[in-house]
Amino acid sequence: QSRKKKTITEKLSLFPYQKEAFDKWKDNKYKLLFEMATGTGKTRTAIACINHFLENEQTGLVIISCPQNTLSLQWKSEVDKIGLKVDCIIIADGTHKWREELSKQLKLLSLGFSNHVIVYTTHITASSDDFTGIIRSQLAKTAVCFVGDEAHGLGAYKSRRALLDDYSYRIGLSATPTRWFDDYGTKILADFFGNDSYQFTIAQALTTINPLTGMPFLTDYEYHPVFVSLTDEELEKYKSL
């Protein structure tokens, strides 16, 4: 007797707080910052949103932007495990030749010869003129779901060029979305991701009981901060950076 294959929803099997985040994203017109503590499953929650996008839109482009390509490959591994159905996967970063392929696949999408494409990229590439130029010239009316992992990095002066108005579905993931000493960058992020967030803090993760284990979602731990002073020379270099 062959075992019934698990559906994507069953594979995702969200915890109640992840389901709350997913529902809030839908209620906030598909734009939200997931302000969730490290280790509480931001990626899995975002994949549930991506799956909803793929089911909701007959043709669509998914862009997942990370600070480094090593994180992009981790994302690809997670998405592959869940088994999201897409016609084409593109890795767009400094280690791959992606421009022609991205342009070609967007043409196929806009002409209706392809249904869904997923692009794994980095904040540097996603904010580059090459990337945004191809997206804008080829997109036509194709729906786009943009996922910004470690989204606080997208508030920086150059990186914020990645945040295109053309992206109708938006998911920002960050345990710490507020940018230090950068109110303007923080506001740009908030505006882009729908001026709302779903919060599941470290305090909540340490005290909310996981129904599967009877234990908190995060194991208890202690902080031991080590304070370091900069020399005058280091301070000048830090200021200039």
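Trainee: What classes of residue make up the lining of the second largest pocket?

Mentor: That lining has three nonpolar, three polar and four charged residues. Here Ala, Val, Leu, Ile, Met, Phe, Trp, Tyr, Cys and Pro count as nonpolar, Asp, Glu, Lys and Arg as charged, and the others, Gly among them, as polar. Mind that this is a predicted model: local features need pLDDT of at least 70 and side-chain atom pairs pLDDT 80 or more, while totals for chains, interfaces and linings use all residues. Numbering starts from 1 along each chain as its sequence is written, and side-chain values use heavy atoms, with hydrogens and water left out.

Trainee: Which residues line the second largest pocket?

Mentor: Lys42, Thr43, Leu71, Gln74, Trp75, Ser77, Glu78, Asp149, Glu150 and Leu173. A pocket is an open set of points on a 1 Å grid over the protein atoms alone, where a 1.4 Å probe fits, with protein on both sides within 12 Å along at least five of seven lines; lining residues have an atom within 4 Å of a point.

Trainee: Which element gives the most to that lining?

Mentor: H4, with five residues. H3 and H4 each supply at least two. Helices are DSSP runs of H or I with at least four residues, strands are E runs of at least two, and both are numbered from the N terminus.

Trainee: How much space lies in the second largest pocket?

Mentor: About 150 Å³, and about 180 Å³ in the largest pocket. Volume means the space filled by probe spheres set on the points, with grid points joined across faces, edges and corners.

Trainee: And where does the largest share of the largest pocket's lining come from?

Mentor: From H3, with four residues. The lining includes Thr9, Phe22, Asn51 and His52.

Trainee: Switching to packing: at what angle do H3 and H4 pack?

Mentor: About 60°, with the axes of H3 (residues 42-56) and H4 (residues 69-82) 11 Å apart. That makes H3 oblique to H4. Axes are lines fitted to C-alpha atoms over the stretch in contact, and angles run from 0 to 180 degrees between N-to-C directions. Under 35 degrees is roughly parallel, over 145 roughly antiparallel, 65 to 115 roughly perpendicular, and the rest oblique.

Trainee: Which residues meet there?

Mentor: Thr43, Arg44, Ala46, Ile47 and Ile50 in H3 meet Trp75, Glu78, Val79 and Ile82 in H4, contact being heavy atoms within 4.5 Å. They divide into six nonpolar, one polar and two charged.

Trainee: Last one: what does Asp87 touch?

Mentor: Ser114, Asn115 and His116, not counting residues up to four places away in sequence.
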